[in-house]
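Colleague: Could you walk me through reading salt bridges in a model like this one? I'd like the general idea and then the actual pairs.

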Amino acid sequence: MSFRNSFAAARAFALVFCLALSGFLGASGPASALTATATVRDANSIQLGDVTYRLDGVDAPELDQVCIDDHADPWTCGIEARDQLAKLINKRSVRCDDVGPEKSFGKRHRAICTAEGDKTSLNEQLVKLGYAIAREPIKANVKPGAAEAKTASAGIWKGCFVAPQEFRTGRKDGALLGAACRPDRDKEIRAVLFPEDLTMPPSCGIKGKLAVRARVTGNIGIYHLRGCPSYPATTRPDRWFCSEDDAQAAGFRKAYNCRRPK
């Protein structure tokens, strides 16, 4: 066999090997869709097995977020939004189609999720009910539902609130949203939406504190676990989290003096 023919044969073999290898890696990589029993972490997040997805195109109130209702009373809109998502699922299996990584929330991916037997995604349903606002989607078509909810003053739109992103980052001067917002009560409304003593949601005892020094590690704040020396000293947390995973996904790092209690 000539050198030219030997080289051509070797190159062909290498090409076939690379194609076979890429096929194997693709088959063994993470699935693009997953169907399983769902655990609702909050109105933004659904856990299937050990995978947690953020709903694409959706930004819902956080569990510790406070809104004002149409009677000018404070209400735990984040807990209500989570409960509404759980009602939509109603203990059915959920299919989540992965649409890409979520850059702002750790290792989580965005997904379009649909409960068994439904034709409309949970993303669209939650926004249409008014328990989430639209954020820039990768694939989910939620903007028509968001516009409908705002016009109908549905869900959180019936009262007054700040966008979840602004609550997460502690931006107290952000735009007030909702039908019950009153410009002549701006200061009083913001005091309710950003209380000095934020109420801890049930079973969510991890304290989060926004901190400039956390930016050194690419975070926005620091979280403190029960049993940490810094826990009792953190008397007015800016956030409450239900798990370390939730805290890390929100951009908080563990306090350096923290060790998991034995």
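Modeller: Gladly; let's start with Arg236 and Asp197, whose side chains form a salt bridge at 3.4 Å, N to O. The term means a side-chain nitrogen of Lys or Arg within 4 Å of a carboxyl oxygen of Asp or Glu. This is a predicted model, where local features need pLDDT of at least 70, side-chain atom pairs count only at pLDDT 80 or more, and totals for chains, interfaces and linings use all residues. Residues are numbered from 1 along each chain as its sequence is written, and side-chain values use heavy atoms, leaving out hydrogens and water.

Colleague: Which parts does the pair of Arg236 and Asp197 tie together?

Modeller: Arg236 sits in the loop between strand E11 (221-224) and strand E12 (239-241), and Asp197 in the loop between helix H6 (186-193) and strand E10 (206-210), so the bridge links parts 39 residues apart in sequence. Helices (H or I, at least four residues) and strands (E, at least two) are DSSP runs, numbered from the N terminus.

Colleague: Are Arg110 and Glu102 buried or exposed?

Modeller: Both are buried, and they meet in a salt bridge at 3.4 Å, N to O. Buried means under 20% relative accessible area, exposed over 50%, and partly exposed in between (1.4 Å probe, protein chains only).

Colleague: How does Glu136 count, with its 56% relative accessibility?

Modeller: Glu136 counts as exposed. Its salt-bridge partner is Lys143, with the closest N and O atoms 3.9 Å apart, and Lys143 is partly exposed at 48%.

Colleague: How many salt bridges does a search of the whole structure find?

Modeller: The search finds 25.
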